[in-house]
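Biologist: I have a model open and would like to go through it with you. Could you take my questions as they come?

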Amino acid sequence: MKSLWLNNKKEQNQNQLREKYKKMGKEAEKVRKPRLLCLHGFRTSGEILKKQVHKWPESVVQKLDLVFLDAPYPAQGKSDVEGIFEPPYYEWFQFNKEFTEYTNFDECLAYIEDFMIKHGPFDGLLGFSQGAILSAGLPGLQAKGVALTKVPKIKFLIIIGGAKFKATSVAEKAYGSPIQCPSLHFLGEMDFLKPYGLELLESCVDSVVVKHPKGHTIPRLDEQGLETTTSFIEKIENMLAKTESTDSLIV
């Protein structure tokens, strides 16, 4: 009787293991959309950035879970997009003419973190212009314990028309170590920020670049740009699936 009970128990355990691995296999087959917090440009808005990003093909946009946030401060001056996009317009923080001194910067970081706590978790960041400068600097600030200390680690970046922080006190922390997470960068041939975007690339260790002929804008994707962007998203999907599969095994 004892041996029969042991055999039944062994078979039951094996069945449970088979079910567990079958379930894990099915979960692995489901590709989760990478979730991004999207940070708009200076004196624009989340709604404007949404319209700009949706110039990309449906095949790209549908692969991402995009959340658009308005910056905390109403525009304190004229917006470059007046007459093109409807107001209201917002800005993340203020700066002097040399871009070396910031006002309301710490408050901006706290505002972003608070939103991420309430509406997260987020896997990565997408940013354009001032939002791209913020996005690219946040992984380093997070690693140094200066920002986003109460939310999960930023796993990847999409940077459009980006650059580095110029304020020394911020830059030292943001780029003191190389930016380790995968990053996709859009560089416009006519963009006034292109030299600074190239400078930012030097701090990124796992980056790919989409070049386009336009200026400081979110470009439409040509064939090469579409291929590069799609490949990057697939890489992120695989990275997230692998991480979550490992986590489920640990649990």
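Biologist: To start with, does isoleucine 48 count as buried or exposed?

Modeller: Isoleucine 48 counts as buried because its relative accessibility is 2%, where buried means under 20% relative accessible area, exposed over 50% and partly exposed in between, with a 1.4 Å probe and protein chains only. Before we go on, note that this is a predicted model, in which local features need pLDDT of at least 70 and side-chain atom pairs count only at pLDDT 80 or more, while totals for chains, interfaces and linings use all residues. Residues are numbered from 1 along each chain as its sequence is written, and side-chain values use heavy atoms, with hydrogens and water left out.

Biologist: Where is isoleucine 48 found, and what does it touch?

Modeller: Isoleucine 48 is in helix α2, residues 46-53; helices (H or I, at least four residues) and strands (E, at least two) are DSSP runs numbered from the N terminus. Leaving aside residues up to four places away in sequence, isoleucine 48 touches Val81, Phe85, Glu86 and Tyr89, a contact being heavy atoms within 4.5 Å.

Biologist: And threonine 44, what does that one touch?

Modeller: Threonine 44, in the loop between β1 and α2, touches Val81, Pro88, Tyr89 and Tyr90, again not counting residues up to four places away in sequence. Its side chain is also joined to that of histidine 40 by a polar contact of 3.2 Å, meaning a pair of N or O atoms within 3.5 Å, where within protein one must be able to donate a hydrogen and the other to accept it, and residues adjacent in sequence count only if both atoms are side-chain atoms. Threonine 44 counts as buried, at 6% relative accessibility.

Biologist: Which peptide bond at proline 88 is cis?

Modeller: The bond from proline 87 to proline 88 is cis, with omega near 10 degrees, and proline 88 lies in the loop between β3 (73-74) and β4 (90-91). Another cis peptide bond joins glycine 120 and proline 121, with omega about 5 degrees, and proline 121 is in the loop between α4 and β7.

Biologist: Switching to α4, which of its residues are buried?

Modeller: The buried residues of α4 are Phe105, Cys108, Leu109, Ile112, Glu113, Phe115 and Met116. They lie on the same side of α4 because they cover an arc of only 160 degrees around the axis, the arc being that of the directions from the helix axis to the C-beta atoms. On the other side of α4, Asp106 and Lys118 are exposed.

Biologist: What covers that buried set?

Modeller: The cover over the buried residues of α4 includes β1 (35-39), β2 (65-69), β6 (102-103), β7 (124-128), α5 (130-143) and α6 (168-174).

Biologist: How is the pair of tyrosine 102 and phenylalanine 105 arranged?

Modeller: There are 12 aromatic pairs by the rule used here. Of these, tyrosine 102 and phenylalanine 105 form a tilted one, 5.5 Å centre to centre with 40 degrees between the planes; rings of Phe, Tyr and Trp (its six-membered ring) pair if their centres lie within 6.5 Å, and planes under 30 degrees apart count as stacked, over 60 as edge-to-face and the rest as tilted. Both residues belong to one aromatic cluster, whose members include Phe42, Phe165 and Tyr175.
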